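Look through the sequence and the model shown here.

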Amino acid sequence: MADDAAGILIMDGALGCEVSKIARPAGTASVASNPVLLRAYFERITASTLKRLQAKLQAAKMLANGSTPEHRVLEDPGWATMWQARFHPLRIGQRFLVLPPWHRERDPDRIRLVIRPGQAFGTGHHPSTSGTLSALEELCKNQHLEHALDVGTGSGILAIAMVKLGVAEVTAIDTDIAAVANAKGNARLNRVMARIRFSTIPLASLRGRFALIAANILSSTLIRMAPDLKKRLRRHGHLVLAGILQREAKSVAAAYLPELTYVGARNHGAWTTLIFRR
């Protein structure tokens, strides 16, 4: 009867219910004599409401003999913000310091990337993101690039990193509207909004060529996108591909060769980042 009882409680304002077993008394065998404990959670509940619910459950013969509902107050430990404790400042490569906006840590020898964790992928903690950031750091060293492209921008972390590495203008695209909104918010936090052009335009509809392209997606998507990514890469430009498991690297690389030259790979655990050059 626990599900039926929970239905009654939820109809009367319970936020949710939890069922747990009670140790069966010695010598009892039937299911009917083996009650369960039902906890119902309310934002608030008055004594009169509790009494009314007890009468309802008793009338439906749902309460075990002699049982009386107990009312306990739960203190909120701060559920809404406890998840923030998971996100500590993260050092990636030689130059990056990735941190959420509620951390104020500064390191004069590192580039700060302020990223608010949200629905979009890319906080720097996943090996595919950190591997891409390390590759971008190396490719942008000692050179000034005019235009770069971030495909599947997610949180916008790669586009923001490219701007902070000196790229004059970055185009960042993602077909997910929520991701683009998240990325724009992160660009504002890093004060680079003026140098990033965010869009939901599909890659196939994009025009122009880029000296640097980063695409941290899935292997199957990278293979499907290969013709369009190769078209968008200018002569002597570099393409960084991530989101690739090491066992998938050969099949992804095959989609880009021989038109592009394989430069190398960066392995991070089970993941790999591939780098190509035109």
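## The cavity

The largest cavity holds about 50 Å³ of space. A cavity is a set of points on a 1 Å grid over the protein atoms alone where a 1.4 Å probe fits but cannot get out. Grid points are joined across faces, edges and corners, and a volume is the space filled by probe spheres set on the points. By this rule there is 1 cavity of 30 Å³ or more.

The structure is a predicted model, in which local features need pLDDT of at least 70 and side-chain atom pairs count only at pLDDT 80 or more, while totals for chains, interfaces and linings use all residues. Residues are numbered from 1 along each chain as its sequence is written, and side-chain values use heavy atoms, with hydrogens and water left out.

Which residues line the largest cavity? They are Phe87, His88, Val98, Leu99, Pro100, Ile115, Pro117, Thr123 and His125; a lining residue has an atom within 4 Å of a point. By class, this lining has 6 nonpolar, 3 polar and no charged residues. Ala, Val, Leu, Ile, Met, Phe, Trp, Tyr, Cys and Pro count as nonpolar, Asp, Glu, Lys and Arg as charged, and the others, Gly among them, as polar.

## The largest pocket

A pocket, unlike a cavity, is an open set of points, with protein on both sides within 12 Å along at least five of seven lines. The largest pocket has a volume of about 1600 Å³. Its lining has 37 residues, and Leu37, Leu38, Arg39, Ala40 and Pro69 lie nearest the centre. Two or more lining residues come from each of α1 (2-11), β2 (36-41) and α2 (47-59). Helices (H or I, at least four residues) and strands (E, at least two) are DSSP runs, numbered from the N terminus.

Which element gives the largest share of this lining? Strand β2 does, with 6 residues. The lining of the largest pocket is made up of 25 nonpolar, 6 polar and 6 charged residues.

## The second largest pocket

The second largest pocket has a volume of about 410 Å³. It is lined by 24 residues, with Val151, Gly152, Asp174, Asn216 and Ile217 nearest its centre. Helices α4 (127-139), α5 (157-164) and α7 (219-232) each supply at least two of the lining residues. By class, 12 are nonpolar, 11 are polar and 1 is charged.

Serine 128 lies in helix α4. At 3% relative accessibility, serine 128 counts as buried (buried means under 20% relative accessible area, exposed over 50%, partly exposed in between, with a 1.4 Å probe and protein chains only). The side chain of serine 128 makes polar contacts with the side chains of histidine 126 (2.9 Å) and asparagine 216 (3.3 Å). A polar contact is a pair of N or O atoms within 3.5 Å; within protein, one must be able to donate a hydrogen and the other to accept it, and residues adjacent in sequence count only if both atoms are side-chain atoms.

Is α5 enclosed or open? It is largely enclosed by the rest of the structure, because 7 of its 8 residues are buried. These are Ile157, Leu158, Ala159, Ile160, Ala161, Met162 and Val163. Just after α5, glycine 166 takes a positive phi of about 115°.

Valine 192 sits in the loop between α6 (177-189) and β8 (196-199). Valine 192 is buried, at 8% relative accessible area. Leaving out residues up to four places away in sequence, valine 192 touches Ile160, Val163, Lys164 and Ala187, where contact means heavy atoms within 4.5 Å. Valine 192 and lysine 164 are 28 residues apart in sequence and 8.1 Å apart in space, C-alpha to C-alpha.

## Two loop residues

Aspartate 12 is in the loop between α1 and β1 (16-21). Its side chain makes a polar contact of 2.9 Å with the side chain of lysine 56. Not counting residues up to four places away in sequence, aspartate 12 touches Phe42, Arg52, Leu53 and Lys56.

Phenylalanine 42 is in the loop between β2 and α2. Beyond its neighbours within four places in sequence, phenylalanine 42 is in contact with Leu9, Asp12, Gly13, Ala14, Leu15 and Leu53.
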